[in-house]
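Let us walk through a protein model together, one piece at a time. Keep the picture at hand and look for each part as we reach it.

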Amino acid sequence: MKLQSKWFIGLLAAMMLVVAGCGQKQEGETTGGSEKEATGQEVTLKVASLIPPMTEVLELVKPQLKEEGINLDIVILSDNVQPNNALANKEVDANFFQHVPYMEEYNANNGSELVAVEPIYHAIFGGYSKRYKSIEELPEGATIAVPNDASNLGRSLVMLEKHGLIKLKDGVGIKSTISDIVENTKNYKFKEVDLLMLARTLDDVDMVIMTPAYAKPLGLTPKKDALITEGTDSEFAITLVARKDNADSEAIRKLADAMTGPDVKKFFEENYDEIAIPAFE
């Protein structure tokens, strides 16, 4: 019996050593993982965008972020709905293509929680025409193409009102629609067009209201060619956008810092001084 007891005690001690050894291994693995995070293991950050200069800004800051342990994966999409869908569905971590009113409109329509991280630049809206050289030449009954999404439609109508071309119902502001026009003495007609298709209507209408990003490929800039323009309004600055659950992350913060750095400001000044005004100091 004594021999069996000694054997059993020895076996129990051996089992305890094995269990203790397993516990030490698991603890070591966890500590090792934490050490990798603490030492800045490279993070991949997916950012959706559409066209220059937005995509060019992201390309510009990519090397800087690489040095800071962030692999910037730029996802170029083909319309102005996909970047928000991709962000809301967590297919990307951020996007860079829109202003805050457009983002808020998307949130309201989709129940999403996209949030503004940092305004990057002002893209000045303008009214362009192939037929007329000044707004005074725009004839009675002229057809004006405007964006068909709610935020940019309201933005266009407010700009037209500021230039005395129409009058809107009191208080509607950028939420205005065509039905909110209460005075239209020259009987202008309005054609609502998808934002990405506006430039293609330039030959078919008397004036097109659009952003400089879509006017530039046609050789047009707000300073030189627009019949009317809006002022710099921070409400419509093209903004880096993320989700509520990741907007405060270190990687997103580093991206925002890089996009508001001196290299980006210099890039705008040297390449897009007529169409992109930095929204940061």
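Strand E1, residues 43-49, runs parallel to strand E2, and seven bridges join the two. Strands, like helices, are DSSP runs numbered from the N terminus: a strand is a run of E with at least two residues, a helix a run of H or I with at least four. Two strands pair if DSSP finds at least two bridges between them. Strands of a sheet pair through backbone hydrogen bonds, either parallel or antiparallel.

Before going further, note that this is a predicted model, in which local features need pLDDT of at least 70 and side-chain atom pairs count only at pLDDT 80 or more, while totals for chains, interfaces and linings use all residues. Residues are numbered from 1 along each chain as its sequence is written, and side-chain values use heavy atoms, with hydrogens and water left out.

E1 and E2 belong to an open sheet of six strands, ordered E2-E1-E3-E12-E4-E13, with mixed pairing. Which strands stand at the edges? They are E2 (70-76) and E13 (276-278); each has a single partner strand, so one side of each is left without a neighbour in the sheet. On average, neighbouring strands of this sheet are turned by 30° against each other, direction ignored. Angles here are taken between N-to-C directions and run from 0 to 180 degrees, using axes that are lines fitted to C-alpha atoms, for helices over the stretch in contact.

Now find the other open sheet, whose five strands come in the order E9-E6-E10-E5-E11, again with mixed pairing. Its edge strands, E9 (189-193) and E11 (228-229), each pair on one side only. E6 and E9 are parallel and share five bridges, with Pro147 opposite Val193 in E9. Helix H5 packs on this sheet, touching E5, E6, E9, E10 and E11, and its direction makes about 135° with that of E6. Touching, or contact, means heavy atoms within 4.5 Å.

Two bridges join it in parallel to E6 (residues 143-147), and Ile144 has Met207 as its bridge partner in E10. E5 (residues 126-128) pairs with E10 in the antiparallel sense over three bridges, and here Gly127 stands opposite Ile209. Which way do the side chains of E10 point? Met207 and Ile209 point one way and Val208 and Met210 the other, and all are buried. Buried means under 20% relative accessible area, exposed means over 50%, and partly exposed lies in between, using a 1.4 Å probe and protein chains only. In a regular strand the side chains alternate between the two faces of the sheet.

H5 (residues 150-162) has a helix partner too: it packs with H4 (residues 100-110) at an angle of about 140°, their axes 8 Å apart. H4 and H5 are therefore oblique to each other. That word covers angles left over when those under 35 degrees count as roughly parallel, over 145 as roughly antiparallel and 65 to 115 as roughly perpendicular. Pro101, Tyr102 and Glu105 of H4 meet Ala150, Ser151 and Asn152 of H5 in this contact.

Next, look inside. A nonpolar core is a set of buried Ala, Val, Leu, Ile, Met, Phe, Trp, Tyr and Cys residues joined through side-chain atoms within 4.5 Å. The largest one has 59 residues, and Leu72, Phe96, Tyr121, Leu255, Met259 and Phe268 have the most contacts inside it. Helix H8 (residues 250-259) gives the largest share of this core, six residues. Met259 touches several residues beyond four places away in sequence, among them Val57, Phe96 and Phe280. A second, separate core has 22 residues, including Ile135 and Tyr188. In soluble globular proteins, nonpolar side chains tend to be buried together.

Finally, visit a few loops. In the loop between E1 and helix H2 (54-67) lies Pro53, and the peptide bond from Pro52 to Pro53 is cis, with omega near 0°. Lys90, in the loop between helix H3 (82-88) and strand E3 (94-98), has a positive phi near 65° although not a glycine. Is Lys90 buried or exposed? Lys90 is exposed, with a relative accessible area of 55%.
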